[in-house]
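Visitor: Could you take me through some details of this protein model?

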Amino acid sequence: MSEIKPRFRTIDGLSVRYAESDGPRERDALLLSPWPESLYSYDATWSKLAGHAHLIAVDLPGFGHSELRQDLLSPTAMGDFIVRIIDAFGLRKPHVVGPDIGTAASLFAAARHPDRLRSLVVGTGGAAVPLKLGSPLNEWVHDEDLAPYRALAPKAAVTAAIGNIHGYELPEVVREDYLASYAGGRFVDQLPYVRAYPAELPILGDLLHTVETPVQIIAGRNDPVVPVENAEYLHERLPHSKLHILDAGHFVWEEGADAYAEVVTDWWQAN
């Protein structure tokens with residue numbers, strides 16, 4: 001049985017799913033779900049992270065079980081929405097953990113809203129310019145014809161993605177939540193977010209040197225989806241960053257859960 005107990009809250013008119021850890025702590029942490037998973041992606045690290053911070057895990061709008069709104073399907077717009085989430089929960093300058101799609105959004109939030117975030121943990125998300133994306137993300141970003149994706153059986157893309165999690169067996173409640181999160185046409189509806197990368201990642205690249213928020217970057221050495229060059233690109237350009245590469249694939253928060261939680265909690269204690 002998972003310790004994660006999802007609930008819903010209306011933020012800016014949208015139904016947003018979240019989960020909260022028990023008990024107050026001296027620090028707040030906002031955890032953003034990766035794609036195509038959900039806030040249950042933190043199931044393997046929840047108890048360890050909750051021992052060091054008051055946690056709020058969130059399915060970003062349009063992802064997981066949160067309501068979709070088209071104008072939020074870009075890293076810049078989602079970065080602004082992260083600040084709305086912080087305000088909605090009354091968080092005290094939280095640490096933000098934003099792997100995968102949360103990487104660019106979190107960095108935009110830090111660049112556009114200075115002093116709102118205590119620190120960031122990012123990685124496994126597209127960042128480098130020129131784009132350096134592996135399969136299938138590169139195809140999702142660049143394919144001109146989306147008809148083949150619309151023709152996919154419901155949940156097919158998610159099933160294929162989570163089938164690439166190595167060395168970690170998803171608990172049934174987690175697997176079922178991932179599949180339910182992307183049933184029907186939701187996966188195709190979310191594609192505009194990553195298809196905004198060619199236009200928005202160059203903008204982010206020009207802002208990275210202005211980010212004063214401390215940033216911990218975590219990447220999988222064997223990530224076939226988002227090559228480690230993306231993490232190195234960020235580390236070279238962010239003025240206050242640290243890079244940690246785990247012996248894992250793309251899903252580092254599950255494949256290397258213990259090491260991932262240790263890096264995150266050590267980072268929180270240092271910042």
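The questions and answers below concern a predicted model.

Visitor: Is L55 buried or exposed?
Guide: L55 belongs to strand 4, which covers residues 54-58. Residues under 20% relative accessible area count as buried. Because the relative accessibility of L55 is 0%, this residue is classed as buried.

Visitor: Which residues is L55 in contact with, leaving aside its neighbours within four places in sequence?
Guide: A contact requires heavy atoms within 4.5 Å. With those sequence neighbours set aside, the partners of L55 are A19, E20, S21, A29, L31, W46, L49, A50 and W268.

Visitor: What distance separates the C-alpha atoms of L55 and S38?
Guide: Along the chain, L55 and S38 are 17 residues apart.

Visitor: At what angle do helix 2 and helix 3 pack?
Guide: Helix 2 spans residues 75-88 and helix 3 spans residues 102-112. Their crossing is right-handed. The axes lie 7 Å apart, and the packing angle is about 65°.

Visitor: How do the residues of the contact of helix 2 with helix 3 divide into nonpolar, polar and charged?
Guide: Helix 2 contributes P75, T76, M78, G79, D80 and I82, which meet A104, A105, S106, F108, A109 and R112 in helix 3. By class, the residues of this contact comprise 7 nonpolar, 3 polar and 2 charged.

Visitor: Which helices do the buried residues of helix 8 pack against?
Guide: Helix 8 runs over residues 186-195, and its buried residues are F187, V188, Q190, L191, Y193 and V194. These buried residues pack against helix 2, helix 3, helix 4, helix 5, helix 6 and helix 9.

Methods: Residues numbered from 1 in each chain as written. Predicted model: local features only at pLDDT ≥ 70, side-chain atom pairs only at ≥ 80, totals over all residues. Heavy atoms only, no water. Helix = DSSP H or I, 4+ residues; strand = E, 2+ residues; numbered from the N terminus. Buried < 20%, exposed > 50% of the residue type's maximum accessible area, 1.4 Å probe, protein only. Axes fitted to C-alpha atoms, helices over the stretch in contact; angles between N-to-C directions. Left-handed = near helix turned anticlockwise from the far one by under 90°. Nonpolar A, V, L, I, M, F, W, Y, C, P; charged D, E, K, R; others polar.
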